[in-house]
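User: Please take a close look at one part of the model shown here, and describe how its pieces are arranged.

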Amino acid sequence: MFAADQDDGGFAAAILATMRQPLLVLNGDLRVETANRAFFRTFEIGEAETTGRLVYELGNGQWDIPELRELLEEVLPSNGTVEGFKVEHEFDGIGRRVMVLNAHRMERTDRPDTILLAIDDITEQEQATALLEGERVYVGKIVDSARDALLILDFDLRVKSANETFYTKFRVDPEDTKGRMVYELGNGQWDIPQLRDLLENVLPDDDAFDNYEVQHDFAELGHRTMVLNARRVDHMQLILLAIEDQTEERRAGRALRESEARLSALMRHAPVGIGLIDRDGRWVMQNPPLECLASGPGSSGDRAGRWCPGDPETWPGARALRREVVTPGEDVRAEIDGAERWLRVSAAPVDGGKDDVEHAVVIVEDVTEARQAEEERELLLGELNHRVRNLFGIIRALVSQHGDGPEIEAYKKTLTGRLDALARAHSLATESRWRSIDLATLAANTLEPYATGRAGAVKIEGEPLPLEARRALSLSLSLHELATNSVKYGALSAPEGKMRLTWRILRDESGSRAELAWDEIGGPAVRPPERRGFGTKLIERVFEYELQGEAEMDFRPEGLCVRAWFPIS
Amino acid sequence: VQRDVARTGSRPLILVVEDEVLIAMEIEQALADLRCSVLGPAPSVALALIEREKPDFAILDVNLGRERSAPVAEALRERGVPFALATGYDRSQATEEAYRDAPHLGKPLDHQRLVGALARLRDWPNG
């Protein structure tokens, strides 16, 4: 390249001047013929103290560097050209410098030899390299201490190093790892399509990727869920690949989610109120039924409210917080949507593995209907018991009445007739579940035995008139007495005789009352009885006593005529 | 209202409170057989309380359909009239204070017990 300046010194000087590399031109005596601007600038030496000086004297003898002497005096004379001769030297003014020297001796025929000495100041590059080395060590330490598995790859995707976590977690031998392509690791098990895509397509475009989830089935390790993070470190030509094994976390997370879903379904669909309270007795969780139950006064629907059914200190929730299991619970009265309800409240402590109970589970069940049914059952049972005893009393009373005649047969007949009437009325009462019996039904039922085979002899007429079972029972006995009387002495004792029972309801401002009329015709002439027998007494008493009304018996010669009334509600 | 009150001579006057007509009639009959006069019988508290005459003894049913006879028992206590209960209930079902210590004649009425209860009346100053 310097062949040109033999012909054109100006051109050579221009090249020298513009070169950014420091350059010295020495003569055969190693004196400086010329130096370029880059030299003066780099080594902070003036042109005046340079030209014509022995190279070793430059900068007050600072250039008297043993390696330079060796190069110029020993290597160059025999070789002619030396390249890449590295010299380190501490200069007074500019400090330590690392230089790479290239020297070329030009032998001339017309004048003494000339030596071209190019000085490459690589101090900064050297420093950068050292820094890089330091960084490498530093990164290596981070890699080693990281809890995630880390791989350091070069740009060819070969493993430069891996940390201990990687080796243990993925059961790979360090020997089989370093220098290998990442895909070859673990007998090719790491040849994961997703990983290939990330490393070969994503990473070259972006200098990083974050939180890529990769699923892979490893032969030995089984299914793994990994989260990958990578950084391209361009100045080090490295790729840092962090592999987080999320398998357990995912599995645990999935198990937790499943368990939560099951619990949530249970909570949501349970037909009872279920909730959780904290140690202050505040609701921290309520299922929908509980929210409905707990929307009473005092809670105003506030989830963090202190609503508790009953005394805040002694209600089952408070007791559960004191480690008590309160089952089957306590029934407390509460007002819900303006209606009084019975709530069965059970509670149990939640064992969180700590000394203190942090939470208690509370179950609230609306047992209003059940309690009502229970009360009704109790009432019914009591009532039934009462009725049975009453029935015995009535039967006893009937039995104790003397027959109309002295004969036992007559007595028996009267008694069984009365008992039968009682039994029939009782059946009606039972059929109606002891609610009410219509008078027409009752009358037909009572008088039916006397109407058989005598079409038209018995007539029953009246508007619907529901009677309380108990009153109906007594009334049926009266009707029975009237009927038997008729069969013995009245209209029904004659073939052409007829009887009629009619009634109507009268309403006025003081209330309603029923008026009954019993009329007999076509029987033998009637005479008033000489003494009032049991039957007559019973008829009168039933209306007066049981029905709070009155009955009047008119023994007309053409047939018995009874007029009776009683109030109805 | 027609009543069968027939107080004659030294016959004790017994108030009968019973809502069941047939049973009332039977008690009436039993008392008549035992030479007692009957006040009532009354089927309700109201009707029992309007009786003005002071009885020597009373026989009370506890359950009078829709009410209980306790107010009558109370009034009898105030007037110093002894009484017995003729009821299908056992003692645990007649717990009102007014009924305390009253003998139970049972239901159906136990005639022996009735006789026993009445026998004690002979000692009464006004008996």
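User: Which residue in β3(B) does Val16(B) stand opposite?

Analyst: In this predicted model, Val16(B) stands opposite Ile59(B), which belongs to β3(B). The two strands concerned are β1 of chain B, covering residues 13–17, and β3 of chain B, covering residues 57–60; they run parallel and are joined by 4 bridges. Both belong to an open sheet of 4 strands in chain B, where the order is β2-β1-β3-β6 and the pairing is parallel. At the edges of this sheet stand β2 (37–42) and β6 (83–85) of chain B, each of which has a single partner strand, so one side of each is left without a neighbour in the sheet. From one strand to the next, the twist averages 15°. Helix α3 of chain B, made of residues 70–78, lies across β1, β3 and β6 of chain B, and its direction is at about 165° to that of β3(B).

Helix α14 (residues 439–451) of chain A and helix α15 (residues 469–488) of chain A have axes that come within 9 Å and cross at roughly 35°, and the crossing of α14(A) and α15(A) is right-handed. Among the residues that meet there are Leu439(A), Leu442(A) and Tyr450(A) in α14(A), and Leu475(A), His480(A) and Val487(A) in α15(A). Taken by class, the residues of the contact between α14(A) and α15(A) comprise 10 nonpolar and 4 polar, with no charged residue.

Technical notes:
Residues numbered from 1 in each chain as written. Chains lettered and ligands numbered in written order. Predicted model: local features only at pLDDT ≥ 70, side-chain atom pairs only at ≥ 80, totals over all residues. Heavy atoms only, no water. Pairing = 2+ DSSP bridges. Axes fitted to C-alpha atoms, helices over the stretch in contact; angles between N-to-C directions. Contact = heavy atoms within 4.5 Å. Left-handed = near helix turned anticlockwise from the far one by under 90°. Nonpolar A, V, L, I, M, F, W, Y, C, P; charged D, E, K, R; others polar.
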